[in-house]
Amino acid sequence: MREHDCDDERLAESPAPALSLLMPIYNMERYLPESLASACAQTLSDFEIVCIDDGSTDGSAAVIDEFARRDDRIRVISKANSGYGDSMNRGLTAARGVYIGILEPDDVLYPDSLRLLYDTARRTDADIVKGNFDRYWARPRERVEFSEVVDAARCDTAACPREDPFIFYEQPSIWSAVYRRAFLEQAGIRFLPTPGASFQDCSFAFKALAAADRVTYVHDAVLRYRQDNEGSSVHASDKVFCVCDEYAEVERWIVRVFEPRHGSDEAARLLRIAQVAKYDSYLWSYVRLAPEYREMFLTRMAREFAHAIDRGWFALDDLKPWKRANLEAIMCDPAAWVRRNAAYAGAGPAGRAWHYLRLGGLGLLAAYARDRLRHG
């Protein structure tokens with residue numbers, strides 16, 4: 001069903017579904033049929049699928065319409081291209097479910113996933129339920145790898161992420177979770193609607209986890225996360241400062257929204273968590289950037305962390321020893337760091353080990369190696 005103004009009254013009169021599954025779509029004709037089919041095949045029946053077509057110029061609209069003709073749970077919102085964040089905000093506004101899920105149109109849900117996430121949410125009275133996922137490659141040969149964001153020991157009991165903040169340091173993976181809609185609305189959690197931006201899951205994930213009092217984790221992989229879509233933002237080597245905009249939004253939200261509700265001590269603790277997460281995100285982003293952008297990115301990174309230290313948001317001692325040494329070197333002279341470490345981006349674990357040996361000697365290398373062994 002395509003959305004029109006005249007649909008509003010009829011939708012308001014119909015009972016709210018248990019869950020709204022949001023699908024932001026832009027030029028995904030190649031992968032969309034399999035993804036939509038996985039949504040329609042869920043064993044949870046009481047849910048709606050809200051497809052937000054962000055002005056696709058390929059055959060995505062035709063694929064959506066064909067599925068909508070066969071399944072009346074599908075609602076279609078069509079709009080001019082305005083970016084992922086705006087699409088997701090439109091979906092959040094349109095959603096009617098008690099809980100909200102997210103499915104990227106190149107990923108595939110497993111049949112029982114929405115039922116598992118929703119039933120767990122109801123059983124544990126959770127604001128968020130988050131699962132693990134499988135990484136998937138179709139080329140050069142089909143391959144699936146389990147990605148354990150949350151270990152089994154932390155699963156099945158609701159907890160507050162602020163009290164056990166490990167989850168802030170993991171990949172955002174907003175699509176392996178469901179969110180209580182009333183919780184998101186009351187906390188005012190939305191996406192940053194920057195046109196043409198990438199990584200807009202980053203600030204949404206951080207804010208949602210920081211605002212939640214009850215998050216339950218499940219150990220099952222709930223979807224297949226595609227790794228070989230060339231159009232994914234992960235592969236956009238010219239998107240230089242998008243991740244910086246996301247962390248600027250996180251910092252703004254902590255100071256303007258979180259602190260008045262939770263107090264200065266909790267806000268100070270959360271700002272430190274945000275800076276540690278930001279370090280990892282920035283180095284990950286550095287690795288994916290094209291070489292010509294790396295120096296300007298590290299220059300901004302150095303400036304931002306110096307600012308955070310000056311404001312008391314962060315101390316170098318908040319980082320693990322090898323990360324601390326790395327950030328100190330970057331802040332001292334980002335251009336020199338880029339020149340000396342030209343191979344860092346593609347070095348892999350062995351290359352990183354050599355990097356830390358050169359940076360801080362055997363003690364730093366040993367600390368890095370111990371952490372690698374502990375976390376696989």
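1. Let's start with Asp127: its relative accessibility is 11%, so Asp127 counts as buried (buried means under 20% relative accessible area, with a 1.4 Å probe and protein chains only). Asp127 sits in the loop between α5 (113-124) and β6 (128-137); helices are DSSP runs of H or I with at least four residues, strands are runs of E with at least two, and both are numbered from the N terminus. Beyond its neighbours within four places in sequence, Asp127 is in contact (heavy atoms within 4.5 Å) with residues including Tyr99, Arg180 and Asp213.

2. A word on the model: it is predicted, so local features need pLDDT of at least 70 and side-chain atom pairs pLDDT 80 or more, while totals for chains, interfaces and linings use all residues. Residues are numbered from 1 along each chain as its sequence is written, and side-chain values use heavy atoms, leaving out hydrogens and water.

3. Now the rings: the structure holds 20 aromatic pairs (ring centres of Phe, Tyr or the six-membered ring of Trp within 6.5 Å; planes under 30 degrees apart are stacked, over 60 edge-to-face, the rest tilted). Tyr84 and Phe191 are edge-to-face, because their centres are 6.0 Å apart and their planes at 75°. Tyr84 is in helix α4 (residues 84-94) and Phe191 in the loop between α6 (181-187) and α7 (201-211), so this pair ties together parts 107 residues apart in sequence.

4. Check out Arg224 too: it lies over the face of Tyr136, 4.0 Å from the ring centre (the cut-offs: NZ of Lys or CZ of Arg within 6 Å of the centre and within 35 degrees of the ring normal).

Conventions: Buried means under 20% relative accessible area, exposed over 50%, partly exposed in between (1.4 Å probe, protein chains only).
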